[in-house]
Amino acid sequence: ALECSNIEAALEAAKSLDDKDCWERLGEAALLQGNHQVVEMCYQRTKNFDKLSFLYLITGNLEKLKKMMKIAEIRKDTSGQFQNALYLGDVAERVKILNNCGQSSLAYLTAQTHGLTEEAEKIKESV
């Protein structure tokens with residue numbers, strides 16, 4: 001079905017096979033065709049959180065991007081959580097993440113650079 005570019009038939013086949021490789025190949029084909037709904041489903045099935053976050057960023061789905069940040073926090077994925085905070089432009093969250101993972105200097109610089117002076121002072125006092 002993928003060779004014929006029939007995404008709908010390939011989707012049904014992937015559902016019945018429920019194989020990670022099938023989902024990944026379907027996701028690539030759907031992405032080439034611009035079918036972001038199928039791409040989203042494929043990334044969810046394969047638990048490809050980084051690609052899913054980027055998909056939400058480029059499609060402007062900020063609510064789901066916020067959920068991805070919470071999922072990363074629950075999964076203890078600091079890098080993914082920070083990346084989602086960057087995508088969202090959430091400076092306060094970035095400062096919190098940096099501070100929580102022992103990067104107080106970076107947390108201070110981030111807070112100071114972005115005008116979060118109260119937060120910067122709290123970090124400065126705790127160091």
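Visitor: How many of the residues of the protein count as buried?

Guide: Of its 127 residues, 31% count as buried. Please keep in mind that this is a predicted model.

Visitor: What makes the protein more spread out than a compact globule?

Guide: Let's begin with its make-up: there are 9 helices and 0 strands, following the pattern α-α-α-α-α-α-α-α-α along the sequence. The radius of gyration is 19 Å, while the globule rule gives 14 Å for 127 residues; the value is well over the rule, so the protein is more spread out than a compact globule. The C-alpha atoms fill a box of roughly 60 × 25 × 20 Å along the principal axes. As for contacts with a separation of 6 or more, 22% of them join residues 24 or more positions apart.

Visitor: Why is Thr46 called buried?

Guide: Buried means under 20% relative accessible area. Thr46 has a relative accessibility of 10%, so Thr46 counts as buried. This residue is found in the loop between α3 and α4. Leaving out residues up to four places away in sequence, Thr46 touches Lys20, Trp23 and Glu24.

Visitor: Which residues touch the most other members of the largest nonpolar core?

Guide: They are Ile7, Trp23, Leu26, Val38 and Leu52, out of 17 residues in that core. Five helices each supply at least two residues of this core: α1 (7-17), α2 (20-33), α3 (36-45), α4 (49-58) and α5 (62-74). Another core, of 7 residues, lies apart from it and includes Val95, Leu98, Ala111 and Ala120.

Visitor: What is Leu26 in contact with, leaving aside its neighbours within four places in sequence?

Guide: Leu26 is in contact with Leu2, Ile7, Ala10, Leu11, Ala14, Val38 and Cys42.

Visitor: Is Cys42 buried or exposed, and what is its relative accessible area?

Guide: Its relative accessible area is 1%, and the cut-off for buried is under 20%, so Cys42 is buried.

Visitor: And what does the accessible surface of the protein come to?

Guide: The accessible surface comes to about 8000 Å², and 51% of this belongs to carbon and sulfur atoms.

Note on methods: Residues are numbered from 1 along each chain as its sequence is written. This is a predicted model: local features need pLDDT of at least 70, side-chain atom pairs count only at pLDDT 80 or more; totals for chains, interfaces and linings use all residues. Side-chain values use heavy atoms; hydrogens and water are left out. A nonpolar core is a set of buried Ala, Val, Leu, Ile, Met, Phe, Trp, Tyr and Cys residues joined through side-chain atoms within 4.5 Å. Buried means under 20% relative accessible area, exposed over 50%, partly exposed in between (1.4 Å probe, protein chains only). Helices (H or I, at least four residues) and strands (E, at least two) are DSSP runs, numbered from the N terminus. Contact means heavy atoms within 4.5 Å. The radius of gyration is taken over C-alpha atoms; the globule rule is 2.2 Å times the number of residues to the power 0.38. Accessible areas come from the Shrake-Rupley method with a 1.4 Å probe; for residues, only the protein chains shown count as cover.
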